[in-house]
Number of protein chains: 2
Amino acid sequence: MANDICVKFGRRLWELREERGWNQKYLAEISGIGRTHISQLENGRREAGLRMLETLADAFKLRLADLLEGV
Amino acid sequence: MANDICVKFGRRLWELREERGWNQKYLAEISGIGRTHISQLENGRREAGLRMLETLADAFKLRLADLLEGV
């Protein structure tokens with residue numbers, strides 16, 4: 001399970017959010033993604049598609065490739 | 001439509017495949033993804049999720065971040 005790409009991406013998402021000192025509620029507000037959805041993504045319990053990845057990259061002001069760096 | 005992330009990724013996928021001189025059938029064989037599915041991805045008519053992106057990155061022997069470079 002730990003090697004699953006969704007779990008790995010969830011960890012990356014958590015790191016990017018924590019680095020900025022944002023809580024899930026703030027990321028939800030600026031991205032328009034529901035807070036529960038963010039929590040599920042961070043826990044690897046939900047798979048992000050390209051459009052979700054783009055929305056997240058925009059929220060973090062990152063390129064898509066940078067969002068997925070190290071995943 | 002042209003700015004849609006799925007269309008942009010489809011173009012990237014097409015470029016990566018053409019650069020290697022692979023046809024869709026060959027990419028289908030080495031990735032295990034159906035040829036029709038590949039065609040729909042390349043035409044931006046289907047959205048790839050993280051697991052599909054990982055499968056494609058593996059087929060091209062690229063990191064996920066490299067697969068999405070420039071998208």
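Some housekeeping. This is a predicted model, where local features need pLDDT of at least 70 and side-chain atom pairs count only at pLDDT 80 or more, while totals for chains, interfaces and linings use all residues. Residues are numbered from 1 along each chain as its sequence is written, chains are lettered from A in the order in which they are written, and side-chain values use heavy atoms, with hydrogens and water left out.

Now the interface. 20 residues of chain A contact 20 residues of chain B, contact meaning heavy atoms within 4.5 Å. Of the interface residues of chain A, 100% are also interface residues in chain B, so the copies meet through the same surface.

How much area is buried between chain A and chain B? About 1700 Å², with carbon and sulfur atoms giving 58%. Buried area here is the accessible area (1.4 Å probe) that two parts lose on being put together, summed over both. Ile5(A), Leu50(A) and Arg51(A) supply 37% of what chain A buries against chain B, more than any other three residues.

Next, the charged pairs. The rule finds six salt bridges across the interface, each a side-chain nitrogen of Lys or Arg within 4 Å of a carboxyl oxygen of Asp or Glu. Arg51(A) forms a salt bridge with Glu47(B), with the closest N and O atoms 3.5 Å apart.

On the side of chain A that touches chain B, helices H1 (5-19), H4 (50-60) and H5 (64-67) of chain A each supply at least two residues. The largest share, five residues, comes from H4(A). Helices are DSSP runs (H or I, at least four residues), numbered from the N terminus.
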